[in-house]
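I opened the model today to look up how its parts pack together. My notes follow.

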2 protein chains.
Amino acid sequence: MAGAHSTQGAPATLHDVAREAGVSLATASRSLNGSTRKVNEEYRQRVLTAAAKLNYSPNLSAQAVARGTTTTVALLVADIADPIFSQIAAGVVREADRERLVVTVAATDRDPERELELVRTMRGQRPRVLILAASRREDDPHNTALEAELRAYEANGGRVAFVSATDLDFRTVRVDNRIGAEALARELTGLGYRRFAAITGDDGIRTADERLAGFRAGLEAGGGTLERVVRQDFTRDGGYEGMRRLIEQGLDGIELVFAANDVMAVGAMSAVRDAGLTPGADVAVAGFDDVPIVRELTPPLTTVRTPLEEVGRRALRLALGDATEEDEAPVRTEVVLRASTPGRASTRDAEQVPTA
Amino acid sequence: MAGAHSTQGAPATLHDVAREAGVSLATASRSLNGSTRKVNEEYRQRVLTAAAKLNYSPNLSAQAVARGTTTTVALLVADIADPIFSQIAAGVVREADRERLVVTVAATDRDPERELELVRTMRGQRPRVLILAASRREDDPHNTALEAELRAYEANGGRVAFVSATDLDFRTVRVDNRIGAEALARELTGLGYRRFAAITGDDGIRTADERLAGFRAGLEAGGGTLERVVRQDFTRDGGYEGMRRLIEQGLDGIELVFAANDVMAVGAMSAVRDAGLTPGADVAVAGFDDVPIVRELTPPLTTVRTPLEEVGRRALRLALGDATEEDEAPVRTEVVLRASTPGRASTRDAEQVPTA
DNA sequence: TTGAAAGCGGTACCAT
DNA sequence: ATGGTACCGCTTTCAA
């Protein structure tokens with residue numbers, strides 16, 4: 001029977017509670033929120049009872065001003081509806097919840113200028129932590145301004161964490177992009193593929209670059225060649241357009257197209273079908289990230305699993321400073337071979353390749 | 001050359017700005033944030049200059065305490081990573097951004113108890129708006145407590161908006177679930193389908209119930225029969241399990257399975273394939289919502305388009321109270337016929353059906 | 001118009 | 001341990 005009694009007009013304040021309990025403001029505060037308990041148990045009970053009766057809930061804003069610190073985590077993503085970012089966000093929210101922190105989200109729509117603007121706006125919240133998960137370009141003209149902004153924020157006691165690598169020197173959740181892509185390429189050459197193309201993000205997007213570099217290295221080791229590289233937006237439509245162009249120019253011997261992330265890969269597969277070809281049969285496709293949906297495609301997509309929720313959780317831990325050693329290490333990725341890259345039995349060296 | 005000068009240790013306060021500009025606190029406040037401008041232009045400029053120089057950014061928490069009102073929108077979803085909710089969230093965030101409001105998110109994980117808990121927690125933020133987008137059950141035991149909580153919140157000046165219908169009487173963004181499902185059923189019978197099954201959410205989930213009821217009505221009108229109904233979680237795995245059971249029991253003449261949302265439909269299609277059958281050919285499948293990914297499936301999924309981002313935007317407008325007449329009307333849905341429900345030419349009354 | 005000062009809801013120091 | 005009180009950063013009334 002906890003009465004929702006504060007139906008008056010304004011929520012009960014600590015003052016109300018103190019009065020109701022017949023104790024001082026200070027005691028009420030200590031009973032309710034004070035860290036080290038040094039309150040007479042009887043008083044304490046009276047305060048708790050009064051608080052319950054009045055349906056008291058401490059005003060976070062007021063606590064924030066008084067304490068000089070908030071319980072807010074500010075999260076910046078490129079696009080909330082994008083499965084990659086929504087998974088990361090889910091991880092951040094889950095971890096924040098454990099730490100009793102509140103998460104605020106904003107979307108940059110992949111516009112660096114907007115990102116900078118948003119970071120500036122977010123300062124008003126005085127968030128304890130600022131997580132930047134919108135994939136960024138290394139050579140963006142706004143970078144210096146962004147860095148200045150973030151440094152100032154840190155100087156004021158804020159903690160910054162990036163989700164994918166940048167050239168900016170802040171705490172960063174690193175993903176084994178290079179290693180994962182290299183492993184993928186090795187597996188693919190092991191399956192008998194030799195001639196490749198890649199659809200990737202703009203030059204300068206670190207994630208894309210790392211994945212491409214890793215893929216290249218793996219091909220080299222495995223005897224494959226990367227015959228063409230198309231750069232597009234890091235989106236479904238970018239992937240579609242990239243594949244469309246590849247096909248338009250003539251696939252012409254290319255056996256497999258690697259898209260630098262799954263969202264692009266989805267678009268790429270769609271373009272293959274729209275061209276009247278069959279993904280997997282006419283041209284193999286591989287992606288990166290293993291977002292849940294790609295298992296459901298036909299054929300299911302070969303990709304490199306990235307534990308995106310874990311990435312989100314880590315970003316928060318890292319920013320908070322209570323990262324374990326494990327948290328500091330790059331996030332491991334894992335190749336997942338599926339039917340979009342069937343084995344090419346016909347190729348000469350299609351021998352068994354250990355999946356290790 | 002806007003100097004990020006506040007590299008001291010704490011962000012510049014309005015006090016600092018006032019001193020720097022050689023004016024009073026009040027004047028500084030009025031110049032920077034005051035609504036009606038009644039400040040001498042010269043002073044005003046001095047304040048603005050000082051603010052820029054000190055890289056001043058008003059402390060939102062402090063403003064909230066002083067004003068007695070925040071600029072926060074609290075959003076509750078079932079699961080941020082779920083494409084349905086992430087799209088709604090994207091809409092809320094976008095609209096909030098327009099209104100210069102900050103969005104905080106939390107996930108209920110579909111647990112009504114947790115939802116109640118979260119609502120209570122959120123009170124601490126004193127959000128101006130609380131949007132509940134986690135699909136709820138009508139008969140949940142926590143409902144009365146939730147309602148009490150929300151009423152109290154409203155009594156304190158808060159605005160509540162629900163995203164899908166409940167029996168709770170609050171502002172609600174209504175979706176044409178019934179009409180959409182009915183239209184879908186009509187189209188499907190028009191295509192020659194006669195024998196149906198449905199996979200839906202638990203009885204009591206309004207969205208699921210409305211869609212099922214609409215579908216039933218449409219079948220009746222079109223001469224189809226709903227031979228079986230399976231109830232499962234409103235998730236991908238729920239859809240999978242539902243279809244698995246249907247197949248296990250023997251499809252046995254059922255031509256088309258309607259899943260009450262696309263996420264379930266995705267799971268259902270997967271189960272069809274895992275059973276060695278071909279969706280669309282052996283059994284047709286239809287969903288609801290038209291999340292972006294279902295176009296990409298093989299076969300592409302027939303569904304009922306729901307403008308989810310718009311739903312999110314509306315929820316905020318509705319809560320804010322600046323909803324237009326259009327905003328008050330139910331959100332229109334639209335049948336999208338795709339290859340997962342091919343026309344059945346063989347059926348006797350497979351005549352032309354106007355798509356109107 | 002401007003500035004002094006009284007709050008807003010809390011926290012935390014300092015005597016008692 | 002408890003209560004009085006200064007103070008957090010900002011808004012807003014009230015006089016001047």
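**Domains of chain A**

I began with the division of chain A: domain 1 covers 14–58, domain 2 covers 67–173 and domain 3 covers 177–305. These bounds come from an automatic or database domain assignment. I noted that this is a predicted model, where local features need pLDDT of at least 70, side-chain atom pairs count only at pLDDT 80 or more, and totals for chains, interfaces and linings use all residues. Residues are numbered from 1 along each chain as its sequence is written, chains are lettered from A and ligands numbered from 1 in the order in which they are written, and side-chain values use heavy atoms, with hydrogens and water left out.

**Domain 2 against domain 3**

I looked up the spacing next. The C-alpha centres of domain 2 and domain 3 of chain A are 29 Å apart. In contact (heavy atoms within 4.5 Å) are 13 residues of domain 2 of chain A and 14 residues of domain 3 of chain A.

I then took the buried area, which is the accessible area (1.4 Å probe) that two parts lose on being put together, summed over both. Domain 2 and domain 3 of chain A bury about 1100 Å² between them, and carbon and sulfur atoms give 54% of that. On the domain 2 side of chain A, Ile84(A), Arg137(A) and Glu138(A) lose the most area to domain 3, together 40% of what that side buries.

How many salt bridges cross the interface of domain 2 and domain 3 of chain A? I found two. The rule asks for a side-chain nitrogen of Lys or Arg within 4 Å of a carboxyl oxygen of Asp or Glu. Arg137(A) forms a salt bridge with Asp202(A), with the closest N and O atoms 3.2 Å apart.

**Aromatic pairs**

I searched the whole structure and got eight aromatic pairs over all chains. Rings of Phe, Tyr and Trp (its six-membered ring) pair if their centres lie within 6.5 Å; planes under 30 degrees apart count as stacked, over 60 as edge-to-face and the rest as tilted. Tyr193(A) and Phe196(A) are a tilted pair, because their ring centres are 6.5 Å apart and their planes are at 55°. Tyr193(A) counts as buried at 1% relative accessibility. Phe196(A) is buried too, at 0%. Buried means under 20% relative accessible area, exposed over 50%, partly exposed in between (1.4 Å probe, protein chains only). In chain B, Phe215(B) and Phe258(B) are stacked, because their centres are 4.2 Å apart and their planes are at 15°.

**Chain A against chain B**

I counted 55 residues of chain A in contact with 55 residues of chain B. The two chains bury about 4300 Å² between them, 52% of it on carbon and sulfur atoms. In chain A, Arg126(A), Asn156(A) and Glu296(A) lose the most area to chain B, together 15% of what that side buries. Eight salt bridges cross the interface of chain A and chain B. I looked up Asp97(B), which forms a salt bridge with Arg114(A), the closest N and O atoms being 3.0 Å apart.
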